[in-house]
Amino acid sequence: MFNFINFKYYIMKKIITLIFFSISLVGIAQESNEITWLGLDFSKAKMVGSAGFSDPAQIQSYYFNTWNSVLLTEKDKYNISKYYKKPTVKVNLDIAKSRNEKVIASSLVTDNTYTITEKDVEAVVKNYKLKEGGEGLLMVVESFSKMEELAYVYVVKFDTKTGKIIEMKKQTGKPGGFGIRNYWLAAILNIMKKGFK
């Protein structure tokens with residue numbers, strides 16, 4: 001004998017299963033394999049310890065750009081794809097370059113402790129919206145501290161269409177090596193190796 005109640009229950013169960021399956025597929029589709037590397041943003045940064053940063057004008061006009069460029073010219077070493085688990089990495093350094101050029105060198109160096117907040121970082125990220133959208137990866141530098149021998153950097157993954165932050169982590173990296181270029185690049189590499197851990 002046909003049992004309508006059992007049949008109705010069976011149909012409802014199938015519909016609910018189908019809904020959850022569809023939701024899980026949407027979730028998988030939203031997990032992108034591609035990310036746009038947007039560079040190192042120094043717009044809120046300070047170089048802490050005047051003895052270690054004797055020429056702030058050179059840091060602003062030369063090293064900001066150099067630190068960003070090396071991450072591309074030596075991309076096997078500074079492997080964004082590997083450390084942030086994205087098979088495809090696009091690059092757009094235009095916004096970071098423009099913002100870094102506007103940093104006032106005379107107020108870049110301090111001998112005092114210095115921090116920025118997550119709200120400060122969110123305000124920086126809002127400047128990195130891209131028409132094409134997709135996930136973006138940005139490092140917002142808080143400070144390079146010669147006094148502590150540490151770099152403090154906010155690593156941010158976000159939606160470049162909306163500016164909505166997907167993941168944000170404040171990281172520290174130990175510098176090392178010869179010359180100001182390599183010394184602070186080592187800190188960036190150590191931060192990259194952490195991913196979002």
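Tutor: Helices (H or I, at least four residues) and strands (E, at least two) are DSSP runs, numbered from the N terminus. Residues are numbered from 1 along each chain as its sequence is written. This is a predicted model, where local features need pLDDT of at least 70 and side-chain atom pairs count only at pLDDT 80 or more, while totals for chains, interfaces and linings use all residues; side-chain values use heavy atoms, with hydrogens and water left out.

Student: Okay. Where does Asn33 lie?
Tutor: Asn33 is in the loop between helix H1 (4-30) and strand E1.

Student: Is Asn33 buried or exposed?
Tutor: Asn33 counts as exposed, because its relative accessibility is 53%. Buried means under 20% relative accessible area, exposed over 50%, and partly exposed in between (1.4 Å probe, protein chains only).

Student: And which residues is Asn33 in contact with, leaving aside neighbours within four places in sequence?
Tutor: Lys86, Pro87 and Thr88. Contact means heavy atoms within 4.5 Å. Glu135 is 102 residues from Asn33 along the chain, yet their C-alpha atoms are separated by 9.2 Å.

Student: On to E1. How many of its residues are buried?
Tutor: 7 of the 8 residues in E1 are buried, so the strand is mostly covered.

Student: Which strands does E1 pair with?
Tutor: One is strand E3 (residues 88-91), in the parallel sense over 4 bridges. Another is E5, also parallel and over 4 bridges. Two strands pair if DSSP finds at least two bridges between them.

Student: Which residues stand opposite each other there?
Tutor: Thr36 stands opposite Lys90 in E3. Trp37 stands opposite Leu137 in E5.

Student: Switching to helices. Which residues of H5 are buried?
Tutor: In helix H5 (residues 118-125), they are Val121, Val124 and Val125. They sit on the same side of H5, because they cover an arc of only 100° around the axis. That arc is taken from the directions from the helix axis to the C-beta atoms.

Student: What covers them?
Tutor: The cover includes strand E1 (34-41), H4, strand E5 (135-145), strand E6 (150-159) and strand E7 (165-173).

Student: H4, then. What about Ala96: buried or exposed?
Tutor: Ala96 is found in helix H4 (residues 94-101). Ala96 counts as buried because its relative accessibility is 1%.

Student: What does Ala96 touch, not counting residues up to four places away in sequence?
Tutor: Leu38, Leu40 and Tyr128. Asn127 is 31 residues from Ala96 in sequence, and the two are 9.3 Å apart in space, C-alpha to C-alpha.
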